[in-house]
Amino acid sequence: LIETQSELVSLARPDGRLIYVNAAYARHHGCEVSSLIGTNLLDKVPREDRSTVQARIESVLKTGVAARGHNRVIGGGGQVQTIEWTNSRQRDAAGEHVLHSVGRDITDRVLVEEALRERESFLDRTGRAAGVGGWQYDVQRGVLTWSLQTRRIHEVPDEFVPSLDGALGFYPPESRCVIEAAVARGMEQGTPWDLELPFTTYRGRSIFVRAVGEVEFEGGAAVRLVGAFQDITERRQLQDRVESSERFLRRVADSVPLRIAYLDLESRYRFLNEAHCQRFGRPKEALLGRTRAELLGSEMPQIEDRLRLALGGEPQL
């Protein structure tokens, strides 16, 4: 059975000298079984990994407690691969302790895990730089997953496990109604949402967040919710200050008896003060986006003639 299995099996003396290897062990190293007997198992371990492997072996032989671990091994053709070992202590025919090892090649798994960690690290770095977190909710399993940046925005401790109801609980009642309605529309109609709402962090800090999300469907059924999450408190505070300043300037402009207006390149009104509105006898909403010609209509030629006579040339409207 041992000779036919795919796992690498070996027996070694406490000093690492091999006294038995199966065929899979020999094939992995591109050798015959006989050429490996008597060699030291550490010879096939990269120098920088040997101290870790030696410590693991000594612990198993000293305590008799089996241990699992992985390390790099130099295989056939000099290729470095990662083997996961299960090491245990046994006795040989003479009653001496020997190391029994069973190994499994996990090189592909390690490469995938490293690529995944690198991708997660990249996403975390970009998320931190942009201040944007991600989230995903598996509808069938009921599992909510947050990116590290999303956890930072929520200010939750490391052991915090998010849930859909718990996540909604961070919104004040008036905001929770809005986000719940948006999620419900997404589940029923597939409508995405992009909302800016008040929010209270785990530590009780009041902020503003931008919550973006959509529902993914398979076979007509909702399978997951995905989205992004961003702390927009500074932008909202700046926006509030700008709007406050604009309101103040508008009050000042409306209080003076002079007509004040701003027109774009197409001669359409983008701002008019109260005095200018009184000139046209219409509310501001009826004037914005219109040209002077559109507003004056039949009066426009007469006004142009009067201005031309007064200025001695083309009117400056």
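**View 1. Glutamate 155 sits in the loop between helix H5 (148-154) and helix H6 (164-168).** The model is predicted, so local features need pLDDT of at least 70 and side-chain atom pairs count only at pLDDT 80 or more, while totals for chains, interfaces and linings use all residues. Residues are numbered from 1 along each chain as its sequence is written, and side-chain values use heavy atoms, with hydrogens and water left out. Helices (H or I, at least four residues) and strands (E, at least two) are DSSP runs, numbered from the N terminus. Glutamate 155 has a phi near 60°, a positive value in a residue other than glycine. Its relative accessibility is 14%, so glutamate 155 counts as buried. Buried means under 20% relative accessible area, exposed over 50%, and partly exposed in between (1.4 Å probe, protein chains only).

**View 2. Serine 267 lies in the loop between strand S11 (261-263) and strand S12 (269-272).** Phi of serine 267 is near 65°, which is positive in a residue other than glycine. At 40% relative accessibility, serine 267 is partly exposed.

**View 3. Helix H3 (residues 50-63) has 14 residues.** Its end C-alpha atoms are 20 Å apart, which agrees with the 20 Å that these residues should span at 1.5 Å a residue. The expected span is 1.5 Å times one less than the number of residues in the helix. The buried residues of H3 are Val53, Arg56, Ile57, Val60 and Leu61. They lie on the same side of H3 because they cover an arc of only 125° around the axis. This arc is that of the directions from the helix axis to the C-beta atoms. Ser51 and Lys62 are exposed on the other side of H3.

**View 4. Phe248, Leu249 and Val252 make a nonpolar surface patch of about 290 Å².** Patches are made of residues with over 30% relative accessible area and no salt bridge; like charges are joined within 9 Å, and nonpolar side chains (Val, Leu, Ile, Met, Phe, Trp, Tyr) within 5 Å. A salt bridge is a side-chain nitrogen of Lys or Arg within 4 Å of a carboxyl oxygen of Asp or Glu. Accessible areas come from the Shrake-Rupley method with a 1.4 Å probe; for residues, only the protein chains shown count as cover. Phenylalanine 248 belongs to helix H8 (residues 233-255). With a relative accessible area of 48%, phenylalanine 248 is partly exposed.

**View 5. Serine 121 lies in helix H4 (residues 107-130).** Its relative accessible area is 30%, so serine 121 is partly exposed.
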